[in-house]
Every structure is written in structure tokens, then in C-alpha cells.
Amino acid sequence: MQIRVGGKQGDDTKIGKHGLGFNSCYHFTDVPSFISGDSFAFLDPQEKYLSQRGIRGHIPNNGIGGFSKKDQLIPFEGIEGMDFRSTFEGTLFRLPLRKEPSDITDSIFTTKKVRKLLTDIKSIVSSQFLFLRNIETIETSFINETTSPFQITSLWKAVITDLDEDIRNRRKYINNGIIKTFQLKIELTDNSGNKQEEHWIITNGAQQNPEDSKLQEYARKYRLRVLGGIATILKSSENIQDNFKGRMYSFFSLPDAINLPVHLNGTWAQGSDRGKLLIDKDDLPDIDHQKLGWNRYILLDFLPELYCKLLEEIIKLHKNKEIDLKDHPISKYWPFPSVTGNYPKCIVEYGFKVLQLVLKNDDIFQLINEGLPDKNDRVDVLFKFLPREQTLGFRDLLRNNLDELDIKSNPDLKLLIRSLPIWPTLSDPIQPDSKPALKPISCGYILPNKFQHYRTKKDSKIYLYAADDVRKCLIKLDVQERDVYSYTFEDVEFPNEYDYHYVNFLNSILDYGKVVKDLKDKPCFPTYNKKLKKVDQLYDINNSVFKTIFSGNMGMFLHNDLKYLNELSSIGFKYKVNQETFIICAKYIEKLGKKVNPPSDTRYRGFALIDYFYKNIDTLKFEEGMERFQFIPISKDLGKPYNLNHVRTNTLDCFDHIVLSKYKEVAWSQMSLIAEDVVPPKHVLQKYPTLGKPEVTIVIEHLRYLYMNLRVDDEWKTNWAGVFKNNVYEVYKWLEDECKENDIDLTEHIHERERLFLNFNKNQDPFDDDNWVSIKDLILNSQIDEDRYICLALQKYPTMLKSAGVKEVKRPDYKINVCLHNQSIIIGKAVFDLLFDQETSLNDIIFIVDEEEIKANRYMLAASSEFFQKEFSSANPGLIKNTVNDIKPNSMRILLRYLYGQDIDVAIKSLKIDSDTSKFVLYEDLLKLANSYELAHLKEMMELRLSRKITRSNVENMKKFAVTSGANQLKEFCDLYIITNHNL
């Protein structure tokens, strides 16, 4: 007896070949036994109980009462009618459970474990019938030890129902080249009365062994045959068909789960442990390449045809309404795993093999389509039966497993994959389709990586969604990449209005120079009001000048979401202020100002632009034409009285029609006054000195306005005569200066009979028409009593008058000689001689000084001193005598000369007082006299001169003198002198 060696090795029609089925019993027992027909067998591989590896014998046919080994046979008695008196039609196995570890295994099975195992088997028992040829019932029972005689109680029972001979024959006999399909209904009941029903469909078939000589030799060596089947569940009372997951079978189920909607059965080359079959990598160490080659042949070259046949039969049943499916059979039995993930590539390869055969199967397409479709249309016909999510799941499956598929050496497979409509297209981003159309690679394109898609024309190329993970897959399948230029100008449907997706698209294409260049004349650039314009019509909103000038007109700004501004500037985008854009801004402001209801900030816009002009005067030119654009803010109200006649409805004016404030009085009626906040700075006026300066014609026209309009205006006559006259003379003054500086000929502007000159002769009323004269009425240098005399006010503007054509009286060029004569010197000397004449009766005041009488004039003294004026104003007329003590006579004489108006030093010199001593005494006398007669200036002068003569030896005496003389400044000087020099 051979353990682990099959007894059917020589018969390729038998299912079992390896002894594996029986050897599995050693998981439970060390000493299995069985009865079959009229024979029995006891096995003891360890030779522990029977002293040998096994015993085999015939069953007695007259009972076992006298049989020597009856103790071993008693457990069989009564099971399934076994009475040991006739041949047993079947096979009974007895597996005494191992109670302790042995050399076979350490595993110990209890009754509880066995029952648990049987319960687990129950969940899959129905599917175990599918590929068996003879078994029709599977039942598990147990014997209750507490009953006597023992009773067998069924745990559960699975039975194939509705069997007939045709089905039995289809199950049992499998011939080469013949494919058979049949249905099985299986009923499973348990001891609680629960019933489960399942309806299966199976397709079996066989064929000659492969032509490959190595595979043929391998098949002969291991008694293999190309045989197999496909099965799937159609219906279940427990709805298990909704969560069906296919597995690999070798008549019974194997460990390999394939997640297909079918079970795959085949005569796989496998080890006695029925280990894993689905091995992808053929470079593993110690791999059996012949075994791998055989299994792949069964899977990829044989079973796909059976799948097609099974699918065809299911479609027929569905079409004839013999079965009820939630989904169309094409979808329900799609030959690929139903969930995404990485699967052995052989399963995915298998699916493609099936798909290739399905696409070639005319019978299937006649069943699912009205008429037989063209071969080029079959893929589309097939995929219309797949729900979108299933198609996308299939796409993801392919994407995850594409690297494992050998498409390089299999061009047919690559061609098939490229034809599958499983790749989502790029939908319109504005109206995104949650379910965009699915298209094949063969007719689709992809865009450059990271490129933003936009709406395309109806007749444009088809573009596939190509995110990073999908992109790699598409590229491997040779998808075509569309160049940006062709995509932009041939396929994209440019919108009429801005949208977010369009901006993203533009940012993508603006990185391509050739594209940018050819967008120049296309109105395709978005603004803030959602309209699209040509790029040369748009401005940069980030430029503060543009933002201010075009405020409110968002259609003039390029949308801020766009990048690549430098590139756009090369085709006309205005992103900085230059000569051209400055003029455009000026014209725009002018246009705003002329509106019936201009924006409230129009004046501010003008301010912003002119301010920019001033600040950039070195780069912007004041070129011809700019002076006529009305964008300069002006003073709208000039104040009274000007606003009585000067009304400006506009807030802006042009350089040609404005004047600076300093020219207000000479041109206000004809020109606008520039606003104070936009007066040109000094550096601007240095570069353009005539800016804001009126022309001569304007000033003369203003003069005419003053004469013809304001002169006869009652309001001006009553309240503003001074302002009117000032305006007239300001005009004359301006014309005077202009004529001097620029040699202007006013005869070209003023007619000789035009009365524009205010010449006060009749009266001083500037509004009196008689005071207004023409050039013909004036002669320069004429005298007041002469005809055509020019009044003093008008005489101040001779250059203007001459330029206007006024004639003048000219003095002849003749010199009259006059001798030198100084009357003031002659009179001064005569007065002094008279005042100091002691004999004249005109001197009526006598000062007695040191017994000497000195006469003086009462009126001269009163006129020169408030002290004497008070003294003599109340005195009687006649001679007055006044004694002066402690004074030298000459000191008194010098005082009188000083009071008469002679300089003090001249007076001293006239009396020939030269020595320092004499001067010192004189200064003291003059100080005492100044103090007595309240002559402050003379007193201070003498204090100053005496301070210069102070020494250390005389300072104390000088201080005492200062005190007695009331010379406070001199005293303070002496004190400081003493303090400063006390340490000497």
C-alpha cells in the first residue's frame, strides 16, 4: 500500500490522480479504515496499532459474529444499510479522531472542531457539484451517542434536483472538440428545515493536447488532458449571485480567487498540495517552467472559448426570458475582475483572450444587436451594455495592470486595447459633464502635460482625460499628443465672455511664443466685465495710472488672473505709461468730461494723469497735439466778482486754454484757471516756460471784454470798481513786460481807433466811457494842459503804448550848462552865524555860565527839546536869564550847537577842543546838561564816551559821578568793570 501516491495515475479519464483526496484524512486520524464493495482496509502508517502499515481483506457475507476482526468492523454496521451479509454498494470511510499528537501531525481534532468544519463546508458545498461527473448528493450526519440503538441525524444535505439522463450524460462524458452546456439546480437543506436553492449553468469541453512538443510530453508524463469548464450562478434563493466571486477549480475548488463572474475549472498541473496556480513571474528560483506553460495554455488558449460559449448560452436564456438578470449578460458576465486592484496578469490576460473571441463571435452579436454589425463597430456595440461605472472600473483595472501585459510582443492585444471606448474625454469645463463620453485611444489625443483644456469645436479632435497616472498608460498605448498651436487655433472654441477655465487655458498657451504671436489680432483676451478684446486694447489694472484713469470701465483692463504680461506686451498689451498710452489716457479723460453726466471723479483722474506727467517730464514729451486734450483740472469757481461773469460748467480743460494763477487778472475771461493742486512744479516750468502762460491775443481779448462787457455791468459799477480798475492795469503791466522782453508789435492786435486805454482825464471813474481812449487819443510826454495828455496811471506803461502805436513828444538833444550851487550849505552857515550872534535881538534866552552870558534862541530850543518847549511855552515874552552851575562855558556852547542841529563832533571841533583831558571834562559837562534838560540821546552818547575812558585809577570816581548824574548805564558799566578786574 502506497501512501500519498494516487492509485489512478494511469487513467486520464479519472478525476483523482495524486492520492490527495484520501491522504487528506491524516489531518484527522492516524488509523483510517474503509469498506468498499465486499472489501475492507485498515491503514496504520506509523505501524503503531496494527504492527504493520495496513491490512486489507474481504468482508464476510454471513455476518461478523464469528469474524476474528469483528471489533474493527462493528463501527460500520448499520451505517447506510451495512449488514455484512451482502456486497455494499458504495464506500464507507471511518476516521477515528486523533486524541494526542503523533509522528504524522500534532493536530488534534475534536468532535466540535469537526462539526465546525462541516458547517464551513456547507457554505460552499453547492459549488462542489459543478465540475464533478457522478456525485449528485452530499450529506453530513452525526450519530447521537445517547440513543440506543444509535440513530443517525442529518446535519445538512445538498442534492442536485431535476436531473435527467441528458444532463447526466453532459456531466459525465467529455469528448475532444465538443463543448457542452447544461444547467444544475442544487438544493441544500439542514436539520432545522432551512432550504437554500441555487441555479447554475456550466460549460464543459475538451480538446486535443497542444501542438507544442514539450507540452505534449509533459501531458503524457503527468497524465494530463486539455479539459475544463466554466460555471456561474444564475439564481439563488439567498441572492449570493449578487456578490459572486469566481475561483479556480480542479474539479473541486482551489485556494486561488480570481474575482471573475465565473469559476474556472481545468486539468491544472499542480502539486499534491493543490497549491497556488496563478504565478505571474517566470523568473522565480526553482520554478517549473513546463508546469507553468501547461497551466497558461489551459487558461489562455483553451478556457476562453468555453467562456464565450457560456456567455452565448446565457444571452439566449436572457433574450428568451428564461432567466431574470438585473444586468445584461454582457455586463453581468464581463470577463474581467469586478473590482479594481492588482491581479495576476494571467487573469487580465485571460479576460482579453475572452474579449478577443467575443468580438469575433457572430452568434453573440446577432443575439445582442439588430443585425450583424461591422467588425469595426463591434467594440462600441459591446460596450454599450456596460454601465459607465463598470467601464471605468475596467479602465482602472487595465491601468493598474498594463505594465504586466506584454503588449510590445503582442500587437493584436495592443490594437484591441487601443480600440476600447473606456477612456473619459475632456468635457467642456464651462458646462462640465459629470459623465463625459468614453472614447478609444485610437481616435483620441492628449494635450501636453499640465496643459489646461478648454471647450473645443464640434468637429475638433477628441481629447482624452490624461491625469498623471492615466497619462503614463495612454502614452504606453501610443496615444497621439496634440501640439499646442494646432489645438489652440484648430480645435478650441474661443468664448465670447470670460470664464475661469478660459483664463486657465490662456495661461497655459501663453508660454508658447508662436501661439502668443498669432493671438495678436484675435479678440480673445478677457477683461473684468467678462468681455473679450484684442490685447492691444487692454491695459494693466496693476498700473496705478491706468487703474485711476479707466476706473469704472472694467472692459479696458486685462483680467488680473492672466500671467505672462511681458510676453503680452510684445503683441500690444499696455502695461506701462509711455507717450502713446499717455495720449490715450488724456483723450479718454477728455471724453469723460464731455459727457452729460460725467463720473464724479473725472477731475481726480485728470489730476492723476497730469501728476504723472509732471513726475515723468524727462521721459514724456509735450508733443504737438497734447495741448488740445481737455484733461487738466481747472478752478471752477474763481470767487467774487469773477464768478459773476465767469461760468465754467466743465471741470477739465486743455493746456491751450488754461493759465496759471499768476495770470488770472490778465486772462480770466478768456481762459480757464488751472486748479491749485495741479500747478506745474518749478522743474516743469523751467523745461516748458510757456506752459500756462496766455498769448498776447488772449490778453488783448480779455482787455476788450473788460471794456465792452464789465465796463457797462451794473454789479461791477456798484461794488467792484477797484477790482475792475486793477484788472485793467494788470493787463497793461503784463503787456508792458511782454513788449519789453519779446519786442511785440501791438499794432497787429489793436486797431488805432479801438478805445482800450483807460486815461483818467475827465474824472476818476473807470466805467466812464469818456475815460477810455484809442491810440489816436494819446501822446506820450504831453503836458496836462495839452491835448491828448496821458494821465499818470497810464504813463507807467510807455513800452506798451509805443508798441500799440502811441506817438510821443521828444526832447531835443541840447545841453544847457548850470553852475555848481549848494543852497542848503549857504543857508546853514547863515543860520548858525545868526544864532551865535550875541548882539542880535533875535536871541532872547541868556544862559549865565561861570559868570559869562551866552545867548540862545527861544524857538530853536523849544523845537529841539520837549524840556525847553515846556519851559518856554508858559514864560512871558521878553528876555529870559538862566544860570547854569558847574559847567564850562564852551560845554554850554557845544550843547547849543547840538540842539541847533549840528553834529556833536563837528561842534566840538569848531571850538578846537582837542586834548583828551579837555574832552573828558567836556563829556562830563554834557552828561550833566543832558541829564538836567532830559536829552536822552545825548546822555547815552556821553555815557558811552566816558565808559571808554575808564581806567582802574578812575573807575571809583567815575562811578560816583555816574550816581550823582543819574547815569545808570555808566554806573552799571563801572560795577562790572570793578568785578571783572578785582583780582588785578
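Begin by selecting Ile121, which sits in helix α3, spanning residues 111–122; helices here (H or I, at least four residues) are DSSP runs numbered from the N terminus. The model is a predicted one, in which local features need pLDDT of at least 70 and side-chain atom pairs count only at pLDDT 80 or more, while totals for chains, interfaces and linings use all residues. Residues are numbered from 1 along each chain as its sequence is written, and side-chain values use heavy atoms, with hydrogens and water left out.

With a relative accessible area of 34%, Ile121 is partly exposed, a class that lies between buried (under 20% relative accessible area) and exposed (over 50%), for a 1.4 Å probe and protein chains only.

Next, select Phe631, Tyr732, Leu746, Phe757 and Leu794, which touch the most other members of the 84-residue largest nonpolar core; a core is a set of buried Ala, Val, Leu, Ile, Met, Phe, Trp, Tyr and Cys residues joined through side-chain atoms within 4.5 Å. Helix α25 (residues 721–742) gives the most to this core, with eight residues. A second, separate core of 78 residues includes Ile201, Leu306, Leu317 and Ile364.

Centre the view on Phe757, whose contacts (heavy atoms within 4.5 Å) include Tyr732, Trp772, Leu794 and Met800, leaving aside residues up to four places away in sequence.

Stay with helix α25 and pick Glu736, which counts as buried at 4% relative accessibility. Its side chain makes a polar contact with the side chain of Thr799 at 2.8 Å, a polar contact being a pair of N or O atoms within 3.5 Å, where within protein one must be able to donate a hydrogen and the other to accept it, and residues adjacent in sequence count only if both atoms are side-chain atoms. The backbone nitrogen of Met800 also lies 2.8 Å from a polar atom of the Glu736 side chain.

Finally, go to Leu300 in helix α6 (residues 289–319), a residue that is buried, with a relative accessible area of 12%. Leu300 touches Cys346, Glu349, Tyr350 and Lys353, again not counting residues up to four places away in sequence.

Methods
Helices (H or I, at least four residues) and strands (E, at least two) are DSSP runs, numbered from the N terminus.
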